[in-house]
Amino acid sequence: MRVNLKFTNKGQVAVENFNNEELIEIFTRYIKTLSKKYDISVTVPEELNAQILAEGTVKVVLDKINCDMDAFFKELSRDIKVPLVKRLGTKLDNVFKTEVVEQEQN
């Protein structure tokens with residue numbers, strides 16, 4: 001399954017303080033940490049995320065989902081604010097919204 005994490009207006013302003021590689025690293029690190037709590041396998045493929053700032057989206061691929069996907073992404077949104085707020089220096093509300101782009105056929 002592929003999911004787009006589309007930045008909100010404030011989220012877009014916050015991520016503009018980072019380069020593409022930093023954003024991939026941040027999302028990968030926080031996803032890996034959360035995956036220990038949730039039974040889900042998520043990757044942030046570099047080839048799909050070459051233009052994060054221009055597109056305003058981080059594309060992730062989910063392989064196995066044995067948990068509440070919405071709860072996972074809600075917690076990821078909350079966690080991902082930490083490094084963004086540190087660099088932006090101001091409070092943030094929602095950073096991104098999830099959009100399922102491609103779902104596996106059963």
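This is a predicted model: local features need pLDDT of at least 70, side-chain atom pairs count only at pLDDT 80 or more; totals for chains, interfaces and linings use all residues.
1. **Aromatic pairs.** The structure contains four aromatic pairs. Y38 and F72 make one that is edge-to-face, with 5.6 Å centre to centre and 85° between the planes. This pair links distant parts of the chain. Y38 sits in the loop between α2 (20-35) and β2 (40-43), while F72 belongs to helix α4 (residues 69-88), 34 residues apart. Both Y38 and F72 are buried.

2. F72 has a relative accessible area of 0% and is buried. F73 counts as buried too, because its relative accessibility is 3%, under the 20% cut-off.

3. **A separate cluster to look at.** Which residues form one aromatic cluster? They are F7, F27 and F96.

4. **Strand β2.** Side chains alternate along β2. I40 and V42 point to one face and are buried.

5. **β2 against β3.** The two strands run antiparallel, and four bridges join β2 to β3 (residues 57-65). S41 has K64 as its bridge partner in β3.

6. **K64 and D39.** K64 also takes part in a salt bridge, with D39; the closest N and O atoms are 2.9 Å apart. D39 is partly exposed at 35% relative accessibility. K64, at 40%, is partly exposed as well.

7. **K37 and E75.** Six salt bridges are found in the structure. One of them joins E75 to K37, the closest N and O atoms being 3.0 Å apart. E75 is in helix α4 and K37 in the loop between α2 and β2, so the pair ties together parts that are 38 residues apart in sequence. K37 counts as exposed because its value is 57%.

8. **K10 and D93.** D93 forms a salt bridge with K10, with the closest N and O atoms 3.7 Å apart. D93 lies in the loop between α4 and β4 (96-102), K10 in helix α1 (residues 9-15), 83 residues apart. D93 is partly exposed at 44% relative accessibility, and K10 is partly exposed at 48%.

Definitions and conventions
Residues are numbered from 1 along each chain as its sequence is written. Side-chain values use heavy atoms; hydrogens and water are left out. Rings of Phe, Tyr and Trp (its six-membered ring) pair if their centres lie within 6.5 Å; planes under 30 degrees apart count as stacked, over 60 as edge-to-face and the rest as tilted. Buried means under 20% relative accessible area, exposed over 50%, partly exposed in between (1.4 Å probe, protein chains only). Two strands pair if DSSP finds at least two bridges between them. A salt bridge is a side-chain nitrogen of Lys or Arg within 4 Å of a carboxyl oxygen of Asp or Glu.
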